[in-house]
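Have the sequence and the 3D view ready, and take your time turning the model as you read. We will go through it one part at a time.

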Amino acid sequence: MKIAIASCLQESNNFSPVATTYDDFNPVFGPAVLDRHRGKLTEMGGFLDVLDATEATITIQPICAAWAITANRCRRADFARLTKAFAAGLAAANPDALLLAMHGAQTAQGEDDVEGRFLAIAREILGPGKPIILTLDLHANITQRMVTLATAIVGYHTYPHVDMFETGQKAARLLLRTLAGEVRPTMAYHKLPLIIQAENSQTYRGPMHELITAAQALEASGQAEAVSLFPVQPWLDIAEMGCAVVAVTNHQPKAAQAQATKLARQLWKRKAEFETTLTPVPDAIAAALALPAGPTVLAESSDSTGSGSPGDSTGVLKHLLQAPLTGPAAIFLVDPATVAAAFAAGVSGTVSRRIGGCFDKKNSKPVPVQAYVKLLSDGSWTARARGYNTGITTSMGRAAVLVCGHVHILVAERSAMTVDPELFRSHGIEPVYCQIVVVKSPNGFRAAYEPLAKAIFVVDTPGVSSANLRQMPFKNVPRPLYPLDTEGF
Ligand SMILES: [Zn+2]
């Protein structure tokens, strides 16, 4: 039995000023896939953990592994190159089954449903009868095509996302049981005219916790193989947009539909509970300065690098530079020209220029700094906290640490996830000892930062991943859509 494994993950934001390229995915093919993911806490790591341990006689066929930081649509030619490579690898492998790890909210130029496209390619190669199991991020946008073409869909149960590995394991176990004839997966979904803010949708408390608990009870009781809630990330401007619930049962299609619909109705009923209150930046900084000890974490979700923002906002930075800090503050910023200036100045040199606001010129303006160049690096770092790419080394291009008074600015050529304190630690900044740490994340940061933060504020700045959904320039989403509309449903 030949089982192919593949991944291609990215979350899109259709308001981002930055397009995605082939190189952003840093793809590898064939045996290099195993080197990247075996023993790592990723979905692919979870696939391999189960497949390596099975007593069934199988051959693992690694096809591709790719992950890109969030941004806008992948360029047309680059997307064609990605899908072509996936198709060629899969056709050459000619597997009996496929485990596929994707995000679920990926778009490309000319393609609103990248996951559906990958499934269409895979289904054409494998034919109608062979199982394809797809794992997705909790923020996936479920489409009719995905549900039609996949044998089963398995989503994360956590936000912040800390169960990538377990999701991969669950999918691999379901595949093995399907291949052994123990399970005949049947899948149903229920879509809602709803998008919700990310800030209040934690799965360890509040309404999403209760809904996930209900989904897990269905799985634990044996009534379902997998029940997944998909409160889609809200910055996709596409026609088939909205939250969904997907249920997979063992040959019980009516039960799958009933489970998905029941949970979706519960999510709809509780939609108002996800409304978020944001704190003005000056108020959050004042509160941080009033505390005897830090760190106070300011979450600038409108510039979240995990939600498709470019990471170049000066919305918090401009206030931080003026604040009467008494201890260090840390902030991440994407600004390639400033990195180049820092390299030109050299370590212990001085950079005097306007920084930030270089991609999203609409939402923030560059601010003047005179800064000391503390450190220069190649920008590679290894994620350690449970979450994205745990154990995997990624690069943010060249990077520099600029010091301006108490403010330590980690400037990079390319974007990076900011949910893991290791981002700063890898560049000589210890968040625990900071008075203020700025993360560019609506909620994912809580997994690693809540245990060490003395206070947390989600701050109000403009940006392309703003929680102010009613103010975003949606053009293509279906209407009515809550919370853009409040009646007509
Ligand atoms: Zn997510």
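What follows is a guided walk through this structure, with each term explained when it comes up.

This is a predicted model, in which local features need pLDDT of at least 70 and side-chain atom pairs count only at pLDDT 80 or more, while totals for chains, interfaces and linings use all residues. Residues are numbered from 1 along each chain as its sequence is written, and side-chain values use heavy atoms, with hydrogens and water left out.

Let us start at the metal. The zinc ion has as its protein donors Asp137 (OD), Asp137 (OD), His139 (ND1) and His161 (NE2), at 2.1 to 2.8 Å. Donors here are N, O and S atoms within 2.8 Å of the metal (3.2 Å for Na, K and Ca), and because water is not among the atoms, sites may look incomplete. Seen from the zinc ion, the 4 donor atoms subtend angles of 51 to 144 degrees, so the arrangement is irregular. For comparison, four donors count as tetrahedral if all angles lie between 85 and 135 degrees; four count as square planar and six as octahedral if opposite donors are over 155 degrees apart and all others between 65 and 115; anything else is irregular.

Along the chain, the zinc donors follow the spacing D-x1-H-x21-H. His139 sits in the loop between strand 5 (132-136) and helix 5 (144-149), and His161 in the loop between strand 6 (152-155) and helix 6 (164-179), so the pair ties together parts that are 22 residues apart in sequence. Helices (H or I, at least four residues) and strands (E, at least two) are DSSP runs, numbered from the N terminus. His139 and His161 are both buried; buried means under 20% relative accessible area, exposed over 50%, and partly exposed in between (1.4 Å probe, protein chains only).

Now look at strand 5. Is this strand enclosed or open? 5 of its 5 residues are buried, so strand 5 is largely enclosed by the rest of the structure. In a regular strand the side chains alternate between the two faces of the sheet. On one side of strand 5 are Ile132, Leu134 and Leu136, on the other Ile133 and Thr135, and all are buried.

What lies alongside? Strand 4 (residues 97-102) pairs with strand 5 in the parallel sense over 4 bridges; two strands pair if DSSP finds at least two bridges between them. Between these two strands the chain passes through helix 4 (residues 114-126), and this β-α-β crossover is right-handed. That term applies if, with the strands pointing away from the viewer, the path from the first strand over the helix to the second runs clockwise. Strand 5 also pairs with strand 6, in the parallel sense over 4 bridges. Here the chain crosses through helix 5, again in a right-handed β-α-β crossover.

Ile133 stands opposite Ala152 in strand 6, and Leu99 stands opposite Ile133. Leu99 is also one of the residues that touch the most other members of the largest nonpolar core, which has 66 residues. Such a core is a set of buried Ala, Val, Leu, Ile, Met, Phe, Trp, Tyr and Cys residues joined through side-chain atoms within 4.5 Å. Apart from it lies another core, of 43 residues, including Trp235 and Leu263.

Finally, find the open sheet of 9 strands, in the order 10-20-11-19-12-18-17-14-13, with mixed pairing. Its edge strands, strand 10 (279-280) and strand 13 (350-355), each pair on one side only.
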